[in-house]
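The sequence and structure come first, and the notes follow by topic.

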Amino acid sequence: MLSAQLALNAVALGAAYALVAIGFVLVLNATTAVNFAHGESVVAGGFAAVALTGLVAGIWPGAVPGIVLLPGVLLLTALLGLAIAGLAYLPIRDRPPVSVFVTTIAFGIIVANGLNAGFGAAPRTAPALLGGGTVELLGITASRQSLAIIATAAILIGALAFLLQRTQLGRRFRACAQDPEMARALGIRLTRITLLGFALGTAFAGAAGLLLAHQFFVTPSDGASLILKAYIAVVIGGWGSLRGAALGAFLIAVFEVAVASVSSQPMAEGLLYAAVLLVLLVRPEGIFGEPQRLRA
Amino acid sequence: MSAIARTLAILAVLTASGLAVADEPPRLPVLVPITGFLSLEGTSQRNGAELALRDSGVAFDVDDTATAPETAVNAFERAMASGRDGENVIAVVAPMLGTQMLALVPLADEFEVPLITVSGTARITELGSPNVFRFFPGDVVVKAAHARYAVEELGAKQPAVIFQTTAYGQSGHAELDRNLEQLGAPAVLAEGLDVTVKDMLPVLSKVRDSGADALLLHLHAGPTALVIRQARAMGLDIPIVAGSAMHQPETAALLEPGELAGVCAESGASPISESAPEMRAFVEAYRDAFDREPDAFALAQYDGVRMVLTAVDLGARTAANIRDWLSSQRHEGLAMTYASDGKGNMAHSAVILCYDGDSQVPAIVKRYDNITGVL
């Protein structure tokens with residue numbers, strides 16, 4: 001049942017990528033700015049898990065399950081998001097968008113080099129979410145880690161959906177995403193929403209880092225490829241669309257896993273970018289369109 | 001001219017040069033990738049060079065070449081621009097990243113400065129430059145050992161090959177293919193992977209479907225560990241013979257000992273596996289200095305710099321002196337005996353090390369000495 005395993009792998013990878021892409025869009029919607037430090041935020045989440053493992057191991061009986069580290073990873077990367085907002089966005093938010101490109105790229109480089117200096121250049125691994133091994137599920141041998149990734153991502157995305165759809169805070173966030181000027185006129189504090197966007201978006205990136213770090217390891221230089229995946233997902237799914245970002249992320253995983261298994265990895269990557277070009281030609285606003293708003 | 005006469009002549013020139021240029025310490029810039037995807041190996045290079053240069057009287061600065069060729073070029077030009085307009089630069093420790101080396105070779109020829117490197121990319125010594133000196137066995141050496149061990153020792157008849165799509169990976173793949181063909185065991189599958197690929201199940205499923213009886217890897221450290229972990233997780237239990245990256249202690253540390261059962265790797269050396277007193281002293285000194293285990297890249301770079309310093313001790317003070325020395329002399333290093341084959345390939349031996357499934361420290365199971373016949 002290797003094809004079932006491949007399908008499960010694709011869904012698990014897509015779920016982790018979805019967290020990355022959704023986090024990217026959260027910042028985009030809160031600020032209209034592209035956060036090029038987002039890839040490094042994922043890496044920071046992975047290394048936060050590595051560091052917390054060392055701290056928790058002393059008090060946890062037996063091997064530390066990665067799920068125990070999730071609250072700490074979310075908190076630490078949310079704080080990183082606030083730092084990105086405070087240092088790389090808020091001081092220059094009235095400048096041309098290219099300024100934010102530069103400051104967030106610079107912040108990302110600082111984070112990557114800081115992680116390199118602090119943890120070293122070697123790949124590191126975080127503990128599995130709920131232990132390793134496999135389980136028999138509907139006749140297929142499924143990786144416990146893959147199932148845990150899917151479940152964790154689903155819970156986080158579900159919680160975000162509840163926040164955005166069923167809470168006053170979520171309504172304010174959506175209002176700012178749709179029309180910041182009107183939102184400001186109605187008394188919504190844009191700076192607070194901006195900070196929330198960065199904190200939430202970076203926390204989602206950090207969670208993805210934890211989910212990916214066991215099976216795929218984490219190195220300080222991984223950020224560049226991850227921001228590219230987030231960008232592609234958003235282009236495919238629709239600039240500013242959360243569900244579009246998730247869809248785009250799953251499409252990327254399908255190419256990386258399923259298409260690569262029947263062709264080759266370089267071919268699959270080429271086909272992915274060809275698909276992106278096709279989307280841009282046929283439906284430039286992305287599969288789920290985009291809100292009526294100026295985008296950086 | 002006999003070898004003895006040639007050596008005496010060189011020593012005379014070195015001494016004369018030393019007397020003439022005695023007022024400025026010689027410089028040996030260390031240009032290595034400390035950030036980016038090759039930072040693990042580059043850090044080993046730096047550490048090996050630094051350990052050799054300590055208390056040597058030779059001045060050195062470390063500059064990060066990251067991953068892009070232009071970054072390495074900029075670092076080289078900065079190194080040559082400092083000091084006395086670069087006149088006292090006697091050699092440069094050059095990055096092991098093949099694409100960067102290919103960019104630096106023309107510059108080295110322009111400035112007439114020897115490059116001391118541990119890059120495995122075959123092409124760097126095929127450009128006709130007199131200024132490249134490779135102290136890690138090149139692909140011609142290690143891939144011969146790689147293929148011979150898989151075929152002659154493990155009995156592989158239908159090997160599969162997974163290689164990196166970088167210059168390093170493609171170079172090694174070409175050599176592996178050539179050796180496997182010569183041994184009568186051509187690869188039944190050969191797949192290239194980008195360094196950013198994380199999910200190895202697609203390529204491993206193809207390996208399984210191909211009916212391969214052994215898996216040969218020519219990947220960087222992270223992807224090597226990923227392939228091994230995911231292969232064992234999917235129940236692919238065929239022998240795996242990996243490239244040099246697997247010998248690095250940091251790579252083995254990513255895997256559980258049980259995942260390493262049936263895994264071997266080629267390398268120029270494995271310092272932590274050796275018991276000779278000089279090697280143990282090196283390992284201890286390295287641990288004390290850098291709080292980590294040394295690998296073959298660090299050792300090879302150490303040996304390369306020590307060969308340069310031997311010339312300096314004998315009076316060499318110019319890049320030309322060093323080049324002449326490296327081109328003509330034999331050096332007994334810790335890892336092996338080094339001597340140029342006329343193209344700058346200094347290392348001609350390799351080892352195969354294997355993990356027993358109970359430990360993350362491998363044992364050397366096979367030595368392939370003087371594969372090129374140069375020594």
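From the N terminus on, chain A runs α-α-α-α-β-β-α-α-α-α-α-α-α, where helices (H or I, at least four residues) and strands (E, at least two) are DSSP runs, numbered from the N terminus. This is a predicted model, in which local features need pLDDT of at least 70, side-chain atom pairs count only at pLDDT 80 or more, and totals for chains, interfaces and linings use all residues. Residues are numbered from 1 along each chain as its sequence is written, and chains are lettered from A and ligands numbered from 1 in the order in which they are written.

**Chain A overall**
- Eleven helices and two strands make up the secondary structure of chain A.
- Along the principal axes, the C-alpha atoms of chain A fill a box of roughly 55 × 50 × 40 Å.
- Of the 296 residues in chain A, 54% are buried (20 or more other C-beta atoms within 10 Å of the residue's own, with C-beta atoms placed from the backbone).

**Contact between the chains**
- Chain A gives 25 residues to the contact and chain B gives 28 residues; two residues are in contact if their C-beta atoms, placed from the backbone, lie within 7 Å.
- On the side of chain A that touches chain B, the elements giving two or more residues are helix H1 (2–31), helix H4 (97–119), helix H10 (242–262) and helix H11 (265–282) of chain A.
- H1(A) supplies the largest share of that side, five residues.

**A helix of chain B**
- Helix H10 (residues 277–290) of chain B is followed by B:Asp291, whose phi is positive, near 55°.

Key
Expected span 1.5 Å × (residues − 1). Buried ≥ 20, exposed ≤ 12 C-beta atoms within 10 Å, placed from the backbone.
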